Each structure stands twice: as structure tokens, then as C-alpha cells.
Amino acid sequence: MNVVSEQAFLFVEEGGLAGQKLEINQSSVIIGRSSSRKSCDIEFPERQISRRHAEIFYDQGRYFLRDLGSKNGTWLNGQSVAQAMPLQDSDEIQLALCVRLRFIGADATLPLEDIQLSRTLRLDGESRQVWVGQREVLPPLSPAQFRLLELLDEEAGRVYSREEVVDTVWGEEEREGVTEQAIDALVRRLRERLAEIEPDRQYVVTVRGYGFRLDVDGQ
């Protein structure tokens with residue numbers, strides 16, 4: 001049996017336990033769905049997670065991740081885990097595409113208090129659904145709000161001019177009657193809707209004198 005000589009953690013970035021820090025203090029840690037039988041060491045409430053979904057184990061001085069035959073799969077940095085794979089500091093682990101974890105090894109270069117949990121903004125153009133993290137924006141955004149967000153999301157970080165916003169949201173036929181106040185009101189309402197889920201984050205940033213951009217990095 002391997003003795004754990006390094007302290008590692010999992011930070012929950014997405015899922016029902018988002019924001020929690022989970023210590024890995026055993027040579028083998030089973031991750032799975034919560035149950036009365038306590039069949040795993042780290043439990044998540046999501047139904048998509050198998051009862052015994054994945055394992056993180058310590059061997060020969062490093063940690064490894066393996067899937068335990070889960071129904072909905074395990075991914076490491078976007079790659080499906082078909083066999084045991086070594087873990088490195090800041091690796092991203094996904095379980096059933098509904099829980100996202102960040103592996104923080106003992107050799108982490110940042111102090112634990114400085115590690116920022118990422119936030120995810122996702123759009124579905126066909127259904128016009130929007131999610132902030134694991135929570136869907138409900139009631140749905142208005143057609144104008146969704147068109148604005150979809151435009152900014154095409155190339156996150158790029159600044160879109162007010163003219164581009166008007167062309168996309170209102171179109172050529174209606175653009176003549178669109179005022180600066182109408183544009184600002186639309187942007188403000190979109191911010192308010194996203195802030196209903198994540199009040200401390202401003203995704204839509206105004207670039208004074210030009211237009212707007214989508215901030216996906218919290219900068």
C-alpha cells in the first residue's frame with residue numbers, strides 16, 4: 001500500500017458542490033454519487049454521476065485518475081479517461097459532463113487562497129437557452145437580450161461597436177429608430193439577468209467611446 005506523502009486537493013468548479021475544496025488524504029479515493037450506503041469517499045448529488053464513478057489513487061510518488069466503468073464517463077483535460085492517467089497540478093477533471101473539478105497538487109505554484117474558480121457561460125443557439133455555471137437563466141432571455149449575448153459570445157474579448165450591436169439585434173429595417181438610450185437599456189437588462197445567478201461578476205463590459213465586449217476571464 002502506498003503512503004501519501006503529498007497533500008492534494010480537488011476544487012469543485014461546477015456542480016452542486018461548486019466552491020468547495022475537497023482534500024485527498026488517502027492513497028485511494030473513490031468519487032461517486034451520494035447514497036445511504038456510503039459506497040464512496042467523495043460524494044456528489046448529481047444523478048448523472050455513477051455510484052462508484054472514478055478513482056484518484058497515489059502510486060510511486062504521484063496521483064492518477066481512472067474511470068470505474070461509469071455510465072456517463074470521465075474526462076481529463078477534455079480527453080476521455082479509458083485507463084489510469086497521471087494527474088498534474090491544475091488539471092481539469094470532468095465527471096459525466098455535469099461536474100468539473102480542478103486538481104491542485106502539493107507542488108501548486110499559487111497559494112491555495114489565490115486559486116480562482118472558473119465560471120462558465122454557455123449558450124445554445126437552437127433552444128436559446130443560457131447557463132451560468134450549472135444554472136440555467138430562467139425565465140429565458142428576451143429575443144433581443146439573447147441576440148446581444150450571442151453576438152458578444154461569437155468572439156469573447158473582442159469589442160463590438162454599437163453599430164454592430166444595432167445591426168445584429170434590431171436589423172437594418174429598425175435601426176433608424178434605435179437610440180443610444182435603447183442600446184444602454186438593453187445592455188443593462190442583460191447584465192441584470194446574468195447577475196441574478198452570479199451577482200459578483202459582470203460579463204458584459206462597456207468600452208467607453210466604442211462599444212461592448214464579453215468578459216469570460218473575470219478581467
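The buried residues of helix 2 are covered by, among others, helix 1, strand 15 (160-161), helix 3 and strand 17. This is a predicted model. The chain holds 3 helices and 17 strands. Of its 219 residues, 42% count as buried. Among contacts between residues at least 6 apart in sequence, 42% join residues at least 24 apart.

**Helix 2**

- The buried residues of helix 2 are Arg-162, Val-165, Val-166 and Val-169. These residues cover an arc of only 95° around the axis, which puts them on the same side of helix 2.
- Helix 2 spans residues 162-169. Gly-171 follows helix 2 and has a positive phi, near 85°.

**Helix 3**

- Helix 3 runs over residues 180-195. Its buried residues are Ile-183, Leu-186, Val-187, Leu-190, Arg-193 and Leu-194.
- Seen down the helix axis, the buried residues of helix 3 fall within an arc of 125°, so they line one face.
- Several elements cover these buried residues, including strand 12, strand 13, helix 1 and helix 2. Strand 16 (204-207) and strand 17 (211-214) are also part of that cover.
- The length of helix 3 agrees with expectation: its 16 residues should span 22 Å at 1.5 Å a residue, and its end C-alpha atoms lie 23 Å apart.

**Helix 1**

- Helix 1 covers residues 143-154. Its 12 residues reach 16 Å from the first C-alpha to the last, close to the 16 Å expected at 1.5 Å a residue.
- Six names make up its buried set: Gln-145, Phe-146, Leu-148, Leu-149, Leu-151 and Leu-152.
- Helix 1 lies across strand 12 and strand 13. Its direction is at about 115° to strand 12.
- Helix 1 is also listed among the elements covering the buried residues of helix 2, and among those covering helix 3.

**The sheet of strands 12, 13 and 14**

- Three strands form an open sheet in the order 12-13-14, with antiparallel pairing. Strand 12 (121-124) and strand 14 (135-136) stand at the edges, each with a single partner strand, so one side of each is left without a neighbour in the sheet.
- Strand 13 covers residues 129-132. It is joined to strand 12 by 4 bridges, and the two run antiparallel.
- Within this pairing, Arg-122 has Trp-131 of strand 13 as its bridge partner.
- Strand 12 and strand 13 form a hairpin with 4 residues between them. Arg-128, in the turn, has a positive phi of about 60°.
- Val-132 stands opposite Arg-135 in strand 14.

**Aromatic pairs**

- The structure holds 3 aromatic pairs. In one of them, the ring centres of Tyr-58 and Tyr-63 are 4.8 Å apart and the planes stand at 65°, so the pair is edge-to-face.
- Ring pairs link Tyr-58, Tyr-63 and Phe-103 into a cluster.
- Tyr-58 is buried because its relative accessible area, 4%, is under 20%. Tyr-63 is buried as well, at 3%.

**Arg-52**

- Arg-52 sits in the loop between strand 4 (42-44) and strand 5 (54-59).
- Its relative accessible area is 43%, so Arg-52 counts as partly exposed. The cut-offs are under 20% for buried and over 50% for exposed.
- Leaving aside residues up to four places away in sequence, Arg-52 touches Ile-30, Ile-31, Ser-39 and Leu-68.
- One of these, Ile-31, is 21 residues from Arg-52 in sequence. In space, the two lie 6.1 Å apart, C-alpha to C-alpha.

Note on methods
Residues numbered from 1 in each chain as written. Predicted model: local features only at pLDDT ≥ 70, side-chain atom pairs only at ≥ 80, totals over all residues. Heavy atoms only, no water. Pairing = 2+ DSSP bridges. Contact = heavy atoms within 4.5 Å. Axes fitted to C-alpha atoms, helices over the stretch in contact; angles between N-to-C directions. Expected span 1.5 Å × (residues − 1). Buried < 20%, exposed > 50% of the residue type's maximum accessible area, 1.4 Å probe, protein only. Arc of directions from axis to C-beta. Phe/Tyr/Trp six-rings, centres within 6.5 Å; stacked < 30°, edge-to-face > 60°.
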